[in-house]
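This report goes through one protein model, from its core to its sheet, helices and salt bridges. The sequence and structure come first.

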Amino acid sequence: MKSMFILIGLLVLNHSFAQSPAKITLPQALQQAQANRLELANEQLQTQLTESDEARRRARWQPQVSASGDFRWNTQIQQSVIKNAPFANGQDLVLRFGTRVNNVLNVQAEQKVYDATSRIDRQINQLNADGQQALLEKVRVDVRQQVTEAYYQAVFDREKIRLSERARLRAQGYLDQARTRFGSGTLLQTDLDRFALDLSNAEQAYRNDQRDYALSLETLRYRISSNQAVEPADSLTALFTSFQAQEPAGGNRVELKQEEVNRQVNELNQRREQARLAPVVTAYGAYFAQQFADAFSPFAAGTWFPYNYVGVRVSVPVFDGRQTRINRQDYVRRAQINQNTLQRLRNDFDYEVRSAQNTLTKARENLDESRKNIVQAQQIVAIDRVRFDAGTLLLADFRNSEYALQTAENNYLRAVYDVLRGQLQLRKATGTL
């Protein structure tokens with residue numbers, strides 16, 4: 001029985017170790033997301049499918065060779081009658097066509113010689129591959145942004161827990177001192193209740209921060225598609241130090257490349273519609289071997305009769321009901337839509353960059369102000385602590401100084417987080433994420 005309890009204890013201990021979150025840095029989280037996210041895997045497969053279009057086009061220009069065999073048993077041979085045949089003394093003559101066995105073996109080959117659409121198809125395939133590659137990069141950027149934001153949020157929520165824990169301990173210390181003074185008759189009941197309320201609020205804030213952190217960890221795990229629990233290994237200060245803001249000029253957004261590819265494809269499709277009216281030249285040839293026999297004997301000599309031919313086929317469209325003209329007009333309109341969309345995207349991205357720059361500037365100003373406020377609040381707390389220890393400052397007044405410092409710390413934490421978010425948004429806006 002004792003050994004059973006030991007075994008159960010080991011299993012529980014092993015389970016607890018197995019469930020402990022794995023420490024992960026931001027680069028590791030990004031790398032894991034790039035490897036695990038299914039939308040990225042799908043886009044990579046789609047890229048491979050797009051690249052196979054060019055291989056398919058080249059395959060159509062290879063010789064197309066086919067072989068077939070036809071083995072026929074004529075259960076009733078076709079007959080014809082020549083009435084009053086002069087070479088049969090004016091009698092009706094019955095003629096039989098063919099034999100009981102009629103086997104045919106043949107090989108046919110075709111080779112395209114000229115098709116005006118082929119060169120344009122090659123260019124379209126290359127552009128489609130470039131467009132799909134741009135789409136893949138856009139998905140990668142979106143994934144990087146999602147993972148980075150989730151990582152920042154998890155680190156921020158963890159720092160909030162640290163601050164709320166300090167606030168809870170301070171509130172507990174104030175309440176203990178208040179109870180001592182209440183017991184000695186130097187504090188009113190209402191003041192004691194106020195300190196108890198402060199502790200209750202601090203404990204509630206601490207619990208809420210713990211729930212927020214647990215949710216942010218689940219979000220981070222979801223964003224990187226991890227099969228185990230993870231937690232950030234970086235601190236907010238370390239992230240702020242390592243993530244230096246870069247503010248290059250705009251124009252690198254993959255959305256612009258995608259739309260430009262679409263415009264060029266529509267222009268090529270205009271040319272392709274015109275090329276469809278050009279002749280298509282194809283060379284072809286065939287070799288047949290046909291057997292006639294009264295019994296199935298494929299290897300009998302003298303029963304096989306070969307024939308073959310070669311030729312050149314020219315196909316020239318004459319009239320297609322004005323389909324080519326209508327299609328060309330549609331592609332002209334689509335190219336114009338792409339051009340308008342390009343200009344709209346440029347305007348949108350220019351505004352997005354300016355907005356992100358303004359947001360980041362504001363966040364940096366708030367950070368500088370928060371630093372000054374923390375220094376000032378720390379100085380006030382240091383002075384008030386001396387006064388409180390000397391008995392010249394009330395506990396409630398000293399508590400207010402401590403709360404002012406706590407507020408300054410929370411504001412500084414939020415300011416650092418806002419700067420990180422602002423740098424991330426600016427990199428996204430400038431296409432450098």
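Which residues have the most contacts inside the largest nonpolar core?

## Basis

This is a predicted model in which local features need pLDDT of at least 70 and side-chain atom pairs count only at pLDDT 80 or more, while totals for chains, interfaces and linings use all residues. Residues are numbered from 1 along each chain as its sequence is written, and side-chain values use heavy atoms, with hydrogens and water left out.

## Nonpolar cores

The residues with the most contacts inside the largest nonpolar core are Tyr 151, Tyr 152, Ile 224, Leu 236 and Leu 239, and this core has 36 residues. A nonpolar core is a set of buried Ala, Val, Leu, Ile, Met, Phe, Trp, Tyr and Cys residues joined through side-chain atoms within 4.5 Å. Buried means under 20% relative accessible area, exposed over 50%, and partly exposed in between, with a 1.4 Å probe and protein chains only.

At least two residues of this core come from each of helix 2, helix 4, helix 5 (189–224), helix 6 (236–242), helix 8 (323–389) and helix 9 (395–430). Helix 4 gives the most, with eleven residues. Helices (H or I, at least four residues) and strands (E, at least two) are DSSP runs, numbered from the N terminus. A second, separate core has 18 residues, including Ala 171, Ala 202, Ala 377 and Phe 388.

Four strands make up an open, antiparallel sheet in the order 2-5-7-8; two strands pair if DSSP finds at least two bridges between them. Strand 2 (64–73) and strand 8 (304–315) are at the edges and have a single partner strand each, so one side of each is left without a neighbour in the sheet.

Strand 5 (residues 101–114) is joined to strand 7 by 13 bridges, with Val 107 opposite Tyr 287. Strand 7 (residues 280–293) is in turn joined to strand 8 by twelve bridges. On strand 8, Tyr 309 is the bridge partner of Ala 286, and Ser 315 stands opposite Val 280.

## Helix 3 and two buried residues

Helix 3 (residues 38–60) has 23 residues and should span 33 Å at 1.5 Å a residue, which agrees with the 33 Å between its end C-alpha atoms; the expected span is 1.5 Å times one less than the number of residues. Its buried residues include Leu 40, Thr 47 and Thr 50. The buried residues of helix 3 pack against helix 2 (26–36) and helix 4 (117–183).

Ile 161 lies in helix 4 and is buried at 15% relative accessible area. Ile 161 touches Tyr 206, Asp 209, Gln 210 and Tyr 213, leaving aside residues up to four places away in sequence; contact means heavy atoms within 4.5 Å. Lys 428, in helix 9, is buried at 14%, and its contacts include Val 141, Asp 142 and Glu 352.

## Salt bridges

The whole structure holds 32 salt bridges, each a side-chain nitrogen of Lys or Arg within 4 Å of a carboxyl oxygen of Asp or Glu. Arg 57 and Glu 54 form one at 2.7 Å, N to O. Being three residues apart in helix 3, Arg 57 and Glu 54 are separated by about one helical turn, and both are buried.

Arg 166 and Glu 409 meet at 2.9 Å, N to O. This pair links distant parts of the chain, 243 residues apart, with Arg 166 in helix 4 and Glu 409 in helix 9. Arg 166 is partly exposed at 33% relative accessibility, whereas Glu 409 is buried at 12%.
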